[in-house]
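Please look over the sequence and the model shown here before reading the report.

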Amino acid sequence: MVKYTIIPVRPYSENKSCTFEPMNNSPYITITCLPSHRKIQAPKGSNVFDILRKEGVRIAYSCSGEGICAQCVLDISPSENITPQSNMEKERKIANRINPNLRISCLCRAQGDITVQASYW
């Protein structure tokens with residue numbers, strides 16, 4: 001079954017051509033998975049790990065998304081479109097020797113469009 005998400009657009013303006021532009025205040029964000037370029041629509045503020053699992057994207061984990069195992073690390077960009085790192089995430093990354101530029105996906109939420117990639121995809 002194909003899922004469709006209606007994305008609000010700005011109304012037609014006589015001063016512009018007939019192209020529509022997405023509204024900046026849209027309640028949805030797009031997560032692009034590399035290298036497949038699969039695009040997933042999700043509500044703004046969604047937990048990255050939860051959305052990827054619900055959409056069937058294979059992601060490593062053993063703690064059910066509680067931030068304990070730190071196996072769900074992803075390269076997520078741009079970093080300004082996800083929540084800042086919590087103290088728990090910083091501690092888990094140090095304890096597990098995880099590259100500081102990577103994010104533990106179950107401990108962050110998407111605030112805008114992001115691109116994600118795992119080293120094992």
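The report below goes through the overall fold, the nonpolar core and the salt bridges.

## Overall fold

This is a predicted model, and the protein in it has 2 helices and 5 strands, which run β-β-α-β-α-β-β from the N terminus on. Among contacts with a separation of 6 or more, 54% are between residues 24 or more positions apart.

In soluble globular proteins, nonpolar side chains tend to be buried together. The largest nonpolar core here has 25 residues, and those touching the most other members are I31, V48, L52, L74, I76, I114 and V116. At least two residues of this core come from each of β1 (28–33), β2 (38–43), α1 (48–54), β3 (73–77) and β5 (114–117), with α1 giving the largest share, 4 residues.

Beyond its neighbours within four places in sequence, I114 is in contact with several residues, including I31, V48, I76 and I82.

## Salt bridges

Side chains of opposite charge can pair when their charged atoms come close. The structure holds 2 salt bridges, and in one of them R38 pairs with E55, the closest N and O atoms being 3.6 Å apart. R38 lies in strand β2 and E55 in the loop between α1 and β3, 17 residues apart. R38 counts as partly exposed because its relative accessibility is 34%, and E55, at 25%, also counts as partly exposed.

A salt bridge also joins E89 and R103, at 2.8 Å from N to O. This pair links helix α2 (residues 87–95), which holds E89, to strand β4 (residues 103–104), which holds R103, and both E89 and R103 are buried.

Definitions and conventions
Residues numbered from 1 in each chain as written. Predicted model: local features only at pLDDT ≥ 70, side-chain atom pairs only at ≥ 80, totals over all residues. Heavy atoms only, no water. Core = buried A, V, L, I, M, F, W, Y, C linked by side-chain atoms within 4.5 Å. Buried < 20%, exposed > 50% of the residue type's maximum accessible area, 1.4 Å probe, protein only. Contact = heavy atoms within 4.5 Å. Salt bridge = Lys/Arg side-chain N within 4 Å of Asp/Glu carboxyl O.
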